[in-house]
Amino acid sequence: MEFLLDKIRKNLNEQMILLTISNPRRAEEIRKYSIRPVLVKDRLLFQRAAYTKTQVFHRNMEKEELMTEICEILPLYKQVQMQTAGEEFTALLNKKGKAAIKVKKQNSPRAPLPENKDRLLHNRTKRHILPEGTPVPFLIDLGVMTAEGKIVRTKYDKYRQINRFLEFIEDILPHLAKDREITILDFGCGKSYLTFAMYYYLKEQKGYDIRIIGLDLKKDVIKNCSRLAKKYAYEKLFFYEGSIEEFEGVEKVDMVVTLHACDTATDYALYKAVCWGASVILSVPCCQHELNGQMRADTLKPVGEYGILKERFCALATDAIRAKLLESRGYDTKILEFIDMEHTPKNLLIRAVRRKGLSGEKRKHAEEEVGAFCREFGFEPTLAGLLFKKEGQTIES
């Protein structure tokens, strides 16, 4: 272990490319640490990224501060990999702390500073699916981009949000059929920044045969979106006025998107998605008020006495229940971090992918977990009621 720590310390400099500490001995530990050198105002620091199951946390650290942390966490992990300008080594650690190290020399070492300075810059240009500098018609009309392709300063957050959403779309591409027309429903589409982005990305850039339907209650918004779709000759992009729970315009849907649909509107959208057997669901819930008025549990009485704490707990509980209910219906479900919406700080996204091979035991266990949780706190969530009623059950059964 001391030899390994010494080797890491000697290589923590501007020539290091990447240090990875992974394969935790206990499931509850951080899944992986990745460390790289960065220049912040011409000062050499090390950016440490800690990966959990659903999130990543970044921190810039001095060399000695980082070494202190490495000394503490290293016994908790089984593998270390370090790539420098001159070599790459892998270390496998056993329970007693002994390390088996394998070194591989680099045939083409990287250039030292200052030639390789751009690699270390902290604020490196991020790769965007819709890159700045390339004019996109709908982004220009929606006020996000200038005619030259530059991002309007006051709309940069919206630009980041659009690209972040397209990254989620990029991740689920393997689950969308390429040999036929696929149907996507966007419930509560609003001004439809993301709806147009989906169509442009999937149709124009990726070549998918798609039909996208945007649904919203605001008549003027739907009218404007329909006008823009016609202007861009987006022949299979349609917008309709109507509510989520009453929509019956299609028989089968491949993907359902619901962004900031308020309170139980999200539940109706998820219910529709399950009924259609949608392959993919992407949902950013908003305004989860329903359970706030239902909660009753002596064990959480201190939380219930403080309005803001009760509100936050019930919002998290709502989305946890939704995710588990989707698991119980055959979806592989994750809750991921999104970007705050324009008018709400809600930034969690529920991503559900339908799995044909998901075991019946796992699905049953998810349903039992939801039932026990709801009984404990007196919750009667809308999505559970809709699903159980359709199947002739109750949340108590």
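Which helix gives the most to the lining of the largest cavity? That's α10, with 3 residues. Before the details: this is a predicted model, where local features need pLDDT of at least 70 and side-chain atom pairs count only at pLDDT 80 or more, while totals for chains, interfaces and linings use all residues. Residues are numbered from 1 along each chain as its sequence is written, and side-chain values use heavy atoms, leaving out hydrogens and water.

**The cavity**

- The structure holds 1 cavity of 30 Å³ or more, and the largest cavity comes out at about 40 Å³.
- A cavity here is a set of points, on a 1 Å grid over the protein atoms alone, where a 1.4 Å probe fits but cannot get out; its volume is the space filled by probe spheres set on the points, which are joined across faces, edges and corners.
- Its lining (residues with an atom within 4 Å of a point) is made up of Asp267, Glu290, Thr318, Ile321, Arg322, Pro381, Thr382 and Leu383.
- Both α10 (307-328) and α12 (382-390) supply at least two of the lining residues; helices are DSSP runs (H or I, at least four residues), as are strands (E, at least two), numbered from the N terminus.
- By type, that lining splits into 3 nonpolar, 2 polar and 3 charged residues, with Ala, Val, Leu, Ile, Met, Phe, Trp, Tyr, Cys and Pro counted as nonpolar, Asp, Glu, Lys and Arg as charged, and the others, Gly among them, as polar.

**The second largest pocket**

- About 680 Å³ of space sits in the second largest pocket, a pocket being an open set with protein on both sides within 12 Å along at least five of seven lines.
- Of its 32 lining residues, Gly188, Cys189, Gly190, Asp216 and His260 lie nearest the centre.
- β11 (255-262) is one of the elements that each supply at least two lining residues, alongside α5 (156-171), α6 (193-205), β9 (210-216) and α8 (265-276).
- β11 gives the most to this lining, with 4 residues.
- The pocket lining divides into 15 nonpolar, 10 polar and 7 charged residues.

**Where α1 meets α2**

- The axes of α1 (residues 2-11) and α2 (residues 63-73) come within 11 Å and cross at roughly 155°; axes are lines fitted to C-alpha atoms over the stretch in contact, with angles from 0 to 180 degrees between N-to-C directions.
- The two helices are therefore roughly antiparallel to each other (over 145 degrees).
- Leu5, Ile8 and Arg9 of α1 make the contact with Lys63, Glu64, Met67, Ile70 and Cys71 of α2, where contact means heavy atoms within 4.5 Å.
- The residues of this contact divide into 5 nonpolar, no polar and 3 charged.

Methods. Angles under 35 degrees count as roughly parallel, over 145 as roughly antiparallel, 65 to 115 as roughly perpendicular and the rest as oblique.
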